[in-house]
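I am opening a notebook on a structure I have not looked at before, and I will write down what I looked up in the order I came to it.

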Amino acid sequence: MKYLLAGEESDRLLFRTIVASDYDAWLPFHQEPMSSQYWTGLPKDPNTACQQQFDAIFERYANHTGGLNALLSKRTNSLIGLCGLLVQRVDGMEELEIGYSILPKFWCNGYATEAAQKCKEVAFENEWVSHLISIIHVDNLPSKKVALNIGMQLLRTTTYKTNPVNIYRIDN
């Protein structure tokens with residue numbers, strides 16, 4: 001499947017494709033209101049939001065438009081978060097985005113930066129694209145910090161899926 005990092009690893013994380021049985025482990029992300037506090041247009045019901053996300057992940061896998069990978073702790077083999085390369089259409093242009101989300105109980109431990117850095121390295125080593133972006137809500141300071149930590153710079157502000165977002169970019 002194109003743009004997936006299954007089989008890759010970083011210092012603390014293993015990357016693999018997401019499977020349906022990851023649903024219960026990922027549901028706490030959607031149960032935490034702070035996880036989606038910046039993004040409008042998401043279902044309020046955590047089960048519905050989680051199911052929609054999983055449906056979108058599997059659709060990406062089937063359509064070869066990238067996708068999120070499960071991030072597993074090397075130490076415990078437990079699910080830490082999701083991160084991957086996603087083909088997106090932003091302002092009429094096709095882009096490859098680094099997307100990342102971490103389960104609330106693992107926030108503030110550097111996992112998002114570690115996973116996003118690995119995505120960047122793999123995309124550039126394989127010469128999949130000449131640059132990468134991240135689409136981040138203008139108020140989402142933790143995600144902005146991750147983008148800056150991996151060397152991205154603010155490119156512009158725009159609207160994406162009715163949300164005001166900053167587009168961060170890094171060139172190979």
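I began with Asp91, which I found in the loop between E3 and E4, and I keep in mind throughout that the model is predicted. I checked the backbone of Asp91 and noted a positive phi of about 50°, although the residue is not a glycine.

Next I turned to Thr162, which sits in the loop between strand E6 (153-160) and strand E7 (163-171). Phi of Thr162 is near 65°, again a positive value in a residue other than glycine. Because its relative accessibility is 67%, I listed Thr162 as exposed.

I recorded Ala62 as exposed because its relative accessibility is 56%. I also looked up its separation from Arg75, 13 residues apart along the chain, and found 31 Å between the two C-alpha atoms.

Last, I looked up the largest pocket, which has a volume of about 1,600 Å³. Of the 50 residues that line this pocket, I noted Phe29, Ser35, Tyr100, Ser101 and Ser143 as the closest to its centre. Among the elements that each supply at least two residues of the lining, I listed helix H1 (23-31), helix H2 (46-63), strand E3 (79-90) and strand E4 (93-102). By residue type, I wrote down that the lining divides into 25 nonpolar, 21 polar and four charged residues.

Methods:
Residues numbered from 1 in each chain as written. Predicted model: local features only at pLDDT ≥ 70, side-chain atom pairs only at ≥ 80, totals over all residues. Heavy atoms only, no water. 1 Å grid on protein atoms, 1.4 Å probe; cavity = no way out; pocket = protein on both sides within 12 Å on 5 of 7 lines; lining within 4 Å. Points joined across faces, edges and corners; volume = space filled by probe spheres on them. Helix = DSSP H or I, 4+ residues; strand = E, 2+ residues; numbered from the N terminus. Nonpolar A, V, L, I, M, F, W, Y, C, P; charged D, E, K, R; others polar. Buried < 20%, exposed > 50% of the residue type's maximum accessible area, 1.4 Å probe, protein only.
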